[in-house]
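Dear colleague,

Please find below the structure that I am handing over to you. My notes on what was found in it follow directly after.

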Amino acid sequence: MNTVQLRRGAYHDSVTLMRISQGLTALPGVEVALVAMATELNLGLARDLGLDIPAQATPADLLVAVRALDADALAAAMAELDERLARTPAAADGPGMRTAPRTTRSALRSGEATMVLVSVPGSHAFAEAMDAIEAGRSVMIFSDNVPVEQEILLKDRAAERGVLVMGPDCGTALVGGVGFGFANVVRPGPVGLVAASGTGAQQLSCLLDLAGVGVSGIIGTGGRDTGDAVGGRSTLRALAMLDDDPATELIALVSKPPSPRVERALRAAGERLRTPVVHAICGRTDLTSAAAEILTALGRTVPVWPCWTAPQTPRAGTLHGLFAGGTLCEEARLIAQGCGLGDSVFVDFGDDALTRGRAHPMIDPGLRLERIAAAAADPACAVVLLDVVLGHAADPDPAAALVPVLRRATQPAVVSLIGTRGDPQNLEAQAAALHAAGAAVFTSNAEAARHAAGLILGDR
Amino acid sequence: MSSTANSPLAPLLAGEPEVVTVGASVLDEALEGQAVRRKPVQWRPPMQGTESALAAVLADPRRGAANEVAVGRLLGAHPVLVDVRPAADLLPAGTFLHAGPPITWERASGPMRGALIGAVLFEGLADDPEGAERLLRSGGVTLDSCHHHGVVGPMAGVVSPSMWMFQVRDAEYGGTAYCSLNEGLGKVLRYGAYGPEVIERLRWMSAVLGPVLRDALGRHGPVDVRSIIAQALQMGDELHNRNRAATSLLARELGPSIAESPHGPEVLRFIGANDHFFLNIGMAAGKVSTDAARNVPGSTLVVAMSRNGTDFGIQVSGTGDRWFTGPAGVPDGLYLGAFGPDDANPDIGDSTITETAGLGGFAMGAAPAIVRFVGGEVSDALAATESMYEITLAEHPAYQIPILGFRGTPTGIDVTLVARTGLLPVVNTGIAGRLAGTGQVGAGLVTPPSEAFTEALRALAAHTL
């Protein structure tokens, strides 16, 4: 028994709707529920479920599609839907309600806001970010799929106004002791991070925290900042900003390999600073080595990174690296390649191409879980290598969804677990659950990758 | 002392942040979980198909300063009633003016045709309505938009040479604008009625009302219209559908000077019997204020909203005199007597200049007495005004709303904010009968067509630097 509705002009953000869809699907008697804005992608999903979609659907409409076993289950699902939608703030603009701000410009008109966090779909992020800059506020743009010419324009305008643009596609920042986007609970300390790579910054700050060293801040810049087009516009300003920060004793620059021209500029800028700079460039070094370099520079000892290993049987075949974090993925791929495993399969589920029209895999694990299950069922797959990223905004219990999939897998699984003991998900509990499901768990991504490669090489 | 110590970046690392969040609620909740002070934006996607035009216009380096100049002039304008004059002083020979964007007889609606017929009869250019219609059909009268001549007219807004007009000057920027004299309610020319009583009243207005007002104003001296509007807002008017306080204030100010004329009593009785007498002065004030904001290159400020009974059109500061139009909607409201929605003509009149200037629907919160036109509660009036702050550039320094803590009215519609929020201007209006000769059938609210705003946005995008 199906129902398909279009609700005109009822906008809710995709994450909220995904949670509602999951909640409805979990109800007894409901086979599947899809509550989503009627974008091409979502209409395609509904058609794939065999549902008839009204032809006049536009992306401004809310699509409600529920398939249930009987009328009672359907009615219960619809009642639950209305109740959950009513809980979201969009319902608060009924007659007589005080108008909530509808633009960033309006929200900044009153109040003392010091920063703006933009995570609307990328094609709409420019307007909100521009509002922030024009109002003299720094802005973090979590959104991806923002055109690069808009990124350059925003960063130039921000420089004129003396404010900072973090992003687009900036997943991680730590400012004033507060984590923005995906950030871990790390202790305050002397290391300031400038990060063109969000998960790279998470790995590095987590390792430092595990070694007892805190951070003064993480200034995200967005992955494209160190490319030729953007030319390090935000990275250079962030370096200067941390150099001026009295709490920062050492700066770490985390990036995927910059363009050669930008890398020269960044190294030259780094040499002019009073604060020492450690360059943690993926491909030149790995993040674990960078953490060691930082600890050594600060006169601290490098600990043994926590891990939870078990005897795993080496076997022949392909290494499948299925990652939510782009830099973690690239680092593991390069390590596997360096070990002679050039035929490995590596997928970054956080890539722009895989997040268009859907949430980041750290929020919505669905697509990656499907691919992990598929890899586990693939006889050619010898080892599954995963990252699990903890911290603010990430899945509140990522192990819960992974454990059943890992239990069914016949091949060894290796998990790179990025987190701290202060994270809301509890590092130890997540590690224990994954380990109990048979996985070897490492807090160092590089060690996880080497372990995974070793399992295959040990059989050769 | 470090180089960024005084820059906005310095407190970023040290201070406890307060964050405006816009987008995915999970990121807002992650901040909430850290006990961070937040202000979430209730974001929705912009009007469909506006993404690239919005990006182009928002990137235009002139926009910020241009809008500051334009809205600064709109807010700074100081309208003063200086004279009452025959339209013949101003009109090109053989030309009648009408409300809204330019329109031909062929496309004109019932009330527009009725008002034009009435004006031909009033000018003595035809003996009967049939003859008047023949003259108009054959192009015997040149039609042009009021706005093209510094004029505004309520409803059909027809102005012919023998009619008299209020002349309002902007004491700050020197502009001049005109509006016809208000005839009262019921069967009146501006609602498309042209019966003998309508023509008779127009004759009296030209022969008696106009000259008496001119002489009274001459004796009294200029009247500060900005001050009357500011006071009337605090007395329950929103200056479009309710002008009772403003009319009373005007009568109190000009009354003694009018009383000196032999025709004083009949003129005072006429003004006293018409709650909307001030509307036309307020409209000329709106026109002179919005005209001050015209022609600022790069500005996205709306400087006119206007309807001719067929099209709803807007003009924007950065795009000169070009009109952007869409079909005029039928107002939603209350009907007089036995009239109903089927009798209603699509939206008509230049009186939306009041909303363009931050009054009318935008000042609904000041006029709880008329919320029944919206079929709603007092809270609806407040919500209407509050929502208009989302699409306007400024708050008027002189026009204030007591119940909102004397907050200035939302003033200066920004085309980009309309497209981004999908919120269309709230317009209060009278409703004209569909058939020529009917007159007023009701009053209420109307929603402008979104395409007028999206078209304007595209034109702005085509002219960006």
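I begin with one pair of residues at the place where two chains meet in this predicted model. B:Arg63 forms a salt bridge with A:Glu134, and the closest N and O atoms of this pair lie 2.4 Å apart. A salt bridge is counted here when such atoms are within 4 Å, so this pair meets the rule. In total, three salt bridges are found across the interface of chain B and chain A. The interface also holds 22 residue pairs in polar contact, both residues being at pLDDT 80 or more.

Several elements of chain B give two or more residues to the side that touches chain A, among them the helices α1 (10-14) and α2 (25-32) and the strands β1 (18-23) and β2 (37-40). Sorted by class, this side of chain B has 28 nonpolar, 14 polar and 11 charged residues.

As to the extent of the interface, 53 residues of chain B are in contact with 72 residues of chain A. Between them the two chains bury about 5700 Å², with 57% of that area on carbon and sulfur atoms. On the side of chain B, the residues that lose the most area to chain A are B:Leu13, B:Gln42 and B:Trp43, which together account for 14% of what that side buries.

Strand β4 (residues 115-119) of chain A is joined to β1(B) by five bridges, and the two strands run parallel. Within this pairing, A:Met115 stands opposite B:Val19 of β1(B).

Yours sincerely

Note on methods: Residues are numbered from 1 along each chain as its sequence is written. Chains are lettered from A and ligands numbered from 1 in the order in which they are written. This is a predicted model: local features need pLDDT of at least 70, side-chain atom pairs count only at pLDDT 80 or more; totals for chains, interfaces and linings use all residues. Side-chain values use heavy atoms; hydrogens and water are left out. Contact means heavy atoms within 4.5 Å. Buried area is the accessible area (1.4 Å probe) that two parts lose on being put together, summed over both. A salt bridge is a side-chain nitrogen of Lys or Arg within 4 Å of a carboxyl oxygen of Asp or Glu. A polar contact is a pair of N or O atoms within 3.5 Å; within protein, one must be able to donate a hydrogen and the other to accept it, and residues adjacent in sequence count only if both atoms are side-chain atoms. Helices (H or I, at least four residues) and strands (E, at least two) are DSSP runs, numbered from the N terminus. Ala, Val, Leu, Ile, Met, Phe, Trp, Tyr, Cys and Pro count as nonpolar, Asp, Glu, Lys and Arg as charged, and the others, Gly among them, as polar. Two strands pair if DSSP finds at least two bridges between them.
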